[in-house]
Amino acid sequence: MREKQIEKVSQRLFIVTSILAVSLLLLSAVVYPDLPAHVPIYVNFWDEGNSFGPRYSIFMWPTVLFALSIYQRSYQSVQPYGGWLKVFLIIVNLALSMFTVAGPLTFFYQLPFWYTWLTVGLGELLSMTVGGILIYVLNKKIQLVKRIEE
């Protein structure tokens, strides 16, 4: 019963994020011709652009969102294995997927891609490993799954 609910929520999440990503890509394509050569990439608290990039950079985040929605959906194929294998695959996949962070950093700030991917990926690997162990221990103590189902 619970697995069917998870599948239903996962399917809805995939549909919503895919529609959002495609809508953002279409909106970007519509406004693209009217944009200046450089557009703000980051906006500070006072609504001022504090980092600029070429106008085609508006396609980057919708593309990343769409790729992540596909990735999230493909993760469902790991579900039957369960246990530590599933945890290991999640951690490794997230660490490897840090190219989505390294790519923009290389593109906009001319940082070395491979070194940036390595350091961001190792940071993600470390944080996911420590966080996973902490959640596992916490779940053994206070049974988070039962609390979530309540």
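Predicted model: local features only at pLDDT ≥ 70, side-chain atom pairs only at ≥ 80, totals over all residues.
Trainee: What makes β1 and β2 a pair of strands?

Mentor: Pairing requires at least two bridges between the strands. Strand β1, residues 38-43, and strand β2, residues 49-54, are joined over five bridges, so they count as paired. Their sense is antiparallel, and one of the bridges links V43 with G49 in β2.

Trainee: Which residue in the hairpin of β1 and β2 takes a positive phi?

Mentor: That residue is D47, with a phi near 65 degrees; the hairpin has five residues between the strands.

Trainee: Why is the lining of the second largest pocket described as having no charged residues?

Mentor: Only Asp, Glu, Lys and Arg count as charged. The lining consists of M60, V64, A67, L68, Y71, S97, F99, T100 and P104, and none of these belongs to that class, so the charged count is none. The remaining classes are seven nonpolar and two polar residues. The volume of this pocket is about 170 Å³.

Trainee: Which helices each supply at least two residues of that lining?

Mentor: They are α2 (60-75) and α4 (99-109). The largest share, five residues, comes from α2.

Trainee: What does it mean to call T100, A102, P104 and F108 in α4 buried?

Mentor: The word applies under 20% relative accessible area. T100, A102, P104 and F108 are classed as buried, which means that each falls under that cut-off. Among them, T100 and P104 also line the second largest pocket.

Definitions and conventions
Residues numbered from 1 in each chain as written. Heavy atoms only, no water. 1 Å grid on protein atoms, 1.4 Å probe; cavity = no way out; pocket = protein on both sides within 12 Å on 5 of 7 lines; lining within 4 Å. Points joined across faces, edges and corners; volume = space filled by probe spheres on them. Helix = DSSP H or I, 4+ residues; strand = E, 2+ residues; numbered from the N terminus. Buried < 20%, exposed > 50% of the residue type's maximum accessible area, 1.4 Å probe, protein only.
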